[in-house]
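Take a look at the fold below, and keep it in view while you read.

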Amino acid sequence: PTALYVALGGDGDRAPVQNPDRYEGKFLRIDAATGLGLPDNPYFDGNPDSVRSRVWAIGLRNPFRFALHPGRPSTSVLYASENGDATDRLSRIGQGSNGAWGPGGDNGGFLNPPDPGHRVLFTGPPSHIGIAISPSGPFGTDVLYLAKWFPGTPVIRRFQLTGAALDEAISLDGGVFLSNEVAVDFQFGPDGHLYYSQTGGDASTGGFYQLRRIRFVGGSPPVAAFSTSPDPADG
């Protein structure tokens with residue numbers, strides 16, 4: 001069956017986040033046609049209609065956006081932006097892993113989960129939202145794009161995913177790829193360009209909700225080269 005992934009936050013009542021029989025603070029993986037849990041999910045208990053049979057990963061604070069790597073199809077790994085009031089994180093999340101959010105809050109392993117299946121690749125102040133991965137082309141090979149919204153100046157960052165399992169991230173462009181763009185959600189189009197939805201958080205009639213496109217040509221900037229033969233040489 002075709003699988004549908006669902007992100008559910010747990011930044012209110014933290015107690016249920018570590019309980020696979022509750023939906024708070026989870027990634028779900030369900031049958032797109034029926035909404036039932038799939039037999040190869042890590043908590044499947046034989047009843048596809050149970051909560052735990054739908055659960056794919058636990059221990060999440062507020063997974064706002066997530067992406068599967070389009071160039072490396074896998075049902076066992078996704079990348080997610082996760083935000084809150086203090087520190088946001090970008091993570092590589094493995095199937096069945098635990099992100100450590102729960103009753104302990106930020107002090108319970110949120111920034112450095114003990115579960116090796118949940119790797120925190122980047123942390124920063126709120127609010128990091130849109131996320132997309134370029135498998136190849138001018139936007140880069142295995143390059144992850146991450147948008148920061150509010151407060152302060154909105155920016156789009158990008159990271160080179162490295163390592164055999166793409167479980168490390170190197171910041172590119174000195175940390176900022178593009179400024180003053182609120183990319184709430186990203187999507188690479190069939191033309192290879194990066195499309196995103198932008199919002200300033202106001203009424204839609206105010207022109208704050210826009211669809212935009214980034215056309216990016218990679219490579220090194222040109223180097224100026226010229227010579228002159230003035231006659232006379234002085235003057």
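Start with how elements get their names: helices (H or I, at least four residues) and strands (E, at least two) are DSSP runs, numbered from the N terminus. This model is predicted, so to speak of a local feature takes pLDDT of at least 70, and side-chain atom pairs count only at pLDDT 80 or more, while totals for chains, interfaces and linings use all residues. Residues are numbered from 1 along each chain as its sequence is written, and side-chain values use heavy atoms, with hydrogens and water left out.

Begin with one loop. Asp-142 sits in the loop between E8 and E9. Its phi is positive, about 60°, although Asp-142 is not a glycine. Most residues other than glycine have a negative phi. Asp-142 counts as buried, because its relative accessibility is 11% (buried means under 20% relative accessible area, exposed over 50%, partly exposed in between, with a 1.4 Å probe and protein chains only).

Now compare Asn-180. This residue lies in the loop between strand E12 (178-179) and E13. Is Asn-180 buried or exposed? It is exposed, because its relative accessibility is 52%.

Next, find the largest pocket. A pocket is defined on a 1 Å grid over the protein atoms alone, as an open set of points where a 1.4 Å probe fits, with protein on both sides within 12 Å along at least five of seven lines; lining residues have an atom within 4 Å of a point. The volume is about 370 Å³, which is the space filled by probe spheres set on the points, with grid points joined across faces, edges and corners. The lining has 20 residues, and Ala-67, Ala-132, Phe-186, Gln-187 and Phe-188 lie nearest the centre. Strands E4 (63-67), E8 (128-134) and E13 (183-188) each give two or more residues to this lining.

Stay with strand E8, which holds Ile-131. Ile-131 counts as buried because its relative accessible area is 3%. What does Ile-131 touch, not counting residues up to four places away in sequence? Among its partners are Arg-65, Phe-66, Ala-67, Leu-90 and Phe-186; contact means heavy atoms within 4.5 Å.

Move to Asn-83, in the loop between strand E5 (77-82) and strand E6 (88-94). Asn-83 is buried too, because its relative accessible area is 6%. Its side chain makes a polar contact with the side chain of Asn-62, at 2.8 Å. A polar contact is a pair of N or O atoms within 3.5 Å; within protein, one must be able to donate a hydrogen and the other to accept it, and residues adjacent in sequence count only if both atoms are side-chain atoms. A polar atom of the Asn-83 side chain also lies 3.0 Å from the backbone oxygen of His-128.

Now trace a hairpin. E10 and E11 form it, with five residues between them. The two strands run antiparallel, joined by four bridges; strands pair if DSSP finds at least two bridges between them. Gln-160 stands opposite Ile-170 in E11. In the turn, Gly-163 has a positive phi of about 90°.

Finish with two peptide bonds. Most peptide bonds are trans. The bond from Phe-150 to Pro-151 is cis, with omega near 0°. Pro-151 lies in the loop between strand E9 (143-148) and strand E10 (155-162). The bond from Asp-231 to Pro-232 is also cis, with omega near 10°. Pro-232 lies in the segment after strand E15 (210-214).
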